[in-house]
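Keep the sequence to hand as you read.

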Amino acid sequence: MPTLGWTTLNPAPPQAPVLVMASRFELRSLKDVPRFLALSSFTWRQVKNAPGACGASLIAHPLRGVFYTLSAWRDRAALSAYARTDPHGDAMRAMRPKMRPSTFVFWETDAEHLPITWDEAKRRLTEKAQAEAADPDGRTA
């Protein structure tokens, strides 16, 4: 699966708040890349029809076993429903044992700010990963 640029799915009104999610996944072994890509093709088709999905994008680095997602949703309930529903739900359960720890970051913005840039998403993912590395138990000082 190549990198897929931002696809607007179900646009929200410009002033409407949306939930943005960015994620970074890394496989433990490159031998699992073909299965991950195959499952990703099913979940990409699913997100294009998911209620409440405003837009989505993917970056794939299959030779490194690293994958990024970026999506915007009307609300957390829409995102949660998508994540639980198959084929995404099945894909998560199947691939979880094959993955290194993943990073997820969520924030809200207005729909007029879509699409979010990959620079912004990767900056937030890096900050979250650094914070988790500095405090792996999630404690605050």
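## Thr109 and its neighbours

Leaving aside residues up to four places away in sequence, Thr109 touches Ala16, Pro17, Val18, Val20, Leu114 and Ile116, where contact means heavy atoms within 4.5 Å. Thr109 lies in strand S5; helices (H or I, at least four residues) and strands (E, at least two) are DSSP runs, numbered from the N terminus. With a relative accessible area of 16%, Thr109 is buried, a word used here for under 20% relative accessible area, with exposed over 50% and partly exposed in between (1.4 Å probe, protein chains only).

A word on the source: this is a predicted model, in which local features need pLDDT of at least 70 and side-chain atom pairs count only at pLDDT 80 or more, while totals for chains, interfaces and linings use all residues. Residues are numbered from 1 along each chain as its sequence is written, and side-chain values use heavy atoms, with hydrogens and water left out.

Val20 sits in strand S2 and is buried, with a relative accessible area of 1%. Not counting residues up to four places away in sequence, Val20 touches Leu70, Ser71, Ala72, Val105, Phe106, Trp107, Thr109, Leu114 and Ile116. Val20 and Arg74 are 54 residues apart in sequence, yet their C-alpha atoms are 9.0 Å apart in space.

Which residues have the most contacts inside the largest nonpolar core? They are Val18, Val20, Ala22, Leu70, Trp107 and Leu114, in a core of 19 residues. A nonpolar core is a set of buried Ala, Val, Leu, Ile, Met, Phe, Trp, Tyr and Cys residues joined through side-chain atoms within 4.5 Å. Two or more residues each come from strands S2 (17–26), S3 (53–61), S4 (66–73) and S5 (103–110) and from helix H4 (118–134). S4 gives the most to this core, with four residues. Apart from it lies another core, of 14 residues, among them Leu4, Met21, Trp73 and Leu79. In soluble globular proteins, nonpolar side chains tend to be buried together.

## Helix H3

In helix H3 (residues 88–95), the buried residues are His88, Gly89, Ala91 and Met95. Seen down the axis of H3, these buried residues fall within an arc of 165°, so they line one face of the helix; the arc is that of the directions from the helix axis to the C-beta atoms. The buried residues of H3 pack against helix H1 (33–48) and helix H2 (76–84).

## The largest pocket

The largest pocket has a volume of about 720 Å³. On a 1 Å grid over the protein atoms alone, a pocket is an open set of points where a 1.4 Å probe fits, with protein on both sides within 12 Å along at least five of seven lines, and lining residues have an atom within 4 Å of a point. Grid points are joined across faces, edges and corners, and the volume is the space filled by probe spheres set on the points.

Of the 36 lining residues, Ser23, Phe25, Thr69, His88 and Met92 are the closest to the centre of the pocket. H1 gives the most to the lining, with seven residues.

## Two cis peptide bonds

A cis peptide bond joins Asp86 and Pro87, with omega about 15°; Pro87 is in the loop between H2 and H3. Another cis peptide bond joins Leu114 and Pro115, with omega about 0°, and Pro115 is in the loop between S5 and H4.
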